[in-house]
Amino acid sequence: MNNIDRAIIIVLDSAGVGELPDAKDYGDSGSNTFGHIASSTGGINLPNMEQLGLGNLTDIEGVAKTTDCCGGKSLGAYGKANEASKGKDTTTGHWEIAGIINETPFPTYPNGFSKEVLDELEKRTGRKVLCNLPYSGTKVLDDYGAEQKKTGAWIVYTSADPVLQIAAHEEDIPLAELYKACEIALEICNEMAPVARVIARPYLGDESGSYARTSNRHDYSVVPPKATLLDMIKDKGLDVVAVGKTNDIFAGVGVTDTRGTNTDNMDGINKTIKAIKEDTKGLIFTNLVDFDMLFGHRRNAEGYKYALEEFDNKLPEIIGAMKEGDLLILTADHGCDPTYEGTDHTREYIPVLTYGHGLKKGVNLGDRESFADIASTIEELILDTNELPGTSFAKDLFKCCGSGKHHGHHGKDHKCKCK
């Protein structure tokens with residue numbers, strides 16, 4: 001008998017909780033997204049995530065630690081997870097959360113893409129290419145926006161992540177044409193220059209300094225190389241509701257219902273709450289990208305702080321919408337310390353904060369060996385199987401009655417997983 005009806009994963013994109021043991025290999029020694037946001041801004045007010053045990057994961061000014069013994073103050077189970085995959089990009093992080101450990105990192109392009117790639121893109125799209133360098137997503141518009149308006153060329157750039165990005169002014173190049181160009185670019189990259197994603201970056205504005213990216217961004221990801229938790233849940237006839245850019249990250253594979261966000265994190269939060277209130281069974285998987293895109297990469301600690309506080313203010317509404325058979329997991333996909341050098345992601349532990357009606361309180365899950373522990377746990381609790389990599393922590397979540405059984409949410413006794 002299954003223990004839960006539905007899992008709700010909310011990824012606070014880039015909200016890491018401290019450097020991983022191998023962070024120095026990635027140039028990220030000393031990084032700590034949550035900790036440094038708080039220390040650099042005079043503290044942060046996150047009372048609801050504090051109650052879930054966030055303060056126990058790393059030192060966060062303004063967020064207290066809670067006791068981790070039986071019957072302690074934390075409302076659920078908490079821990080942090082190591083990234084077993086190589087890399088620190090969005091795709092790798094999400095895939096590992098869903099049960100894929102990537103042993104070979106996607107390549108990056110610090111010198112831009114090859115002439116062969118650009119020639120093929122120009123040939124197949126009928127437009128020339130500008131830039132072709134690693135660039136800040138806002139500065140590239142200031143430096144190349146006017147030239148694009150004059151020439152009609154694509155602004156092609158990359159970053160420290162394994163991505164190819166194409167920016168185009170919405171009033172000069174139709175969105176449909178930009179999206180088609182990104183599809184073509186992904187095909188070319190799959191043949192010549194592997195990337196995790198091609199990202200459409202439409203923008204508006206009249207002159208340098210006024211250019212701004214719009215909410216019509218679209219990500220084109222490579223298809224996961226094997227079945228994920230999403231596929232397994234979908235194959236059982238259950239729901240997989242993808243909120244935000246989750247559908248893009250998995251190239252639509254394993255998703256039964258996609259709900260993109262039109263504006264910002266708050267739109268994603270509200271769409272998640274709406275999905276929780278609906279009568280679905282299976283998985284709701286939300287990505288809140290603003291933390292990373294607007295604040296982490298732009299090294300805006302103050303903005304990141306307020307975005308986290310805004311999410312925390314909505315957390316009681318998220319929990320209030322949950323049904324008896326729901327399990328909530330708050331996590332991240334990598335770090336992006338806004339106080340760190342450069343604009344790259346940072347190689348960090350991710351938080352694992354759980355809540356559910358009737359689950360144990362004050363449970364310390366410790367340092368998990370892989371993000372895939374999340375997938376393994378949900379697989380066990382929803383599908384009652386153990387096929388994905390990772391180590392399930394399902395046994396730590398449920399109360400035992402001492403009789404060798406635990407009480408499931410359907411009011412029936414099941415084999416005790418706490419033993």
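Guide: Helices (H or I, at least four residues) and strands (E, at least two) are DSSP runs, numbered from the N terminus. This is a predicted model, in which local features need pLDDT of at least 70, side-chain atom pairs count only at pLDDT 80 or more, and totals for chains, interfaces and linings use all residues. Residues are numbered from 1 along each chain as its sequence is written, and side-chain values use heavy atoms, with hydrogens and water left out.

Visitor: How is a pocket defined, and how much space lies in the largest pocket?

Guide: On a 1 Å grid over the protein atoms alone, a pocket is an open set of points where a 1.4 Å probe fits, with protein on both sides within 12 Å along at least five of seven lines; lining residues have an atom within 4 Å of a point. Grid points are joined across faces, edges and corners, and a volume is the space filled by probe spheres set on the points. Here the largest pocket holds about 670 Å³. Its lining comprises 35 residues, and T214, S215, N216, R217 and M293 are the closest to its centre.

Visitor: Which elements supply at least two residues of that lining?

Guide: The helices are α5 (139-151), α8 (246-249), α9 (265-277) and α10 (290-296). The strands are β6 (197-204), β7 (212-213), β8 (218-221) and β11 (282-288).

Visitor: How do the lining residues of the largest pocket divide by class?

Guide: Ala, Val, Leu, Ile, Met, Phe, Trp, Tyr, Cys and Pro count as nonpolar, Asp, Glu, Lys and Arg as charged, and the others, Gly among them, as polar. On that basis, the lining has ten nonpolar, 15 polar and ten charged residues.

Visitor: What volume does the second largest pocket have, and which residues lie nearest its centre?

Guide: Its volume is about 420 Å³. Of its 27 lining residues, G137, S159, Q165, H297 and T343 lie nearest the centre. Two or more residues come from each of β5 (163-169), β6 and α10, and β6 gives the most, with three. The classes are eight nonpolar, ten polar and nine charged.

Visitor: Which residues does UniProt annotate as "binding site" together with D292?

Guide: UniProt positions are given in the numbering used here, feature names are shortened, and annotations may be inferred rather than shown by experiment. The unreviewed entry lists D292, H297 and H345. These are spread over 54 residues of sequence, yet their largest C-alpha distance is 8.5 Å. D292, H297 and H345 belong to the lining of the second largest pocket, and D292 lies in helix α10.

Visitor: Where does UniProt place the "binding site" feature that includes D13?

Guide: The unreviewed entry places it at D13, D333 and H334. They span 322 residues in sequence, but no two of their C-alpha atoms are more than 7.3 Å apart, so they gather at one spot. D333 is in the loop between β12 (326-331) and β13 (350-355).
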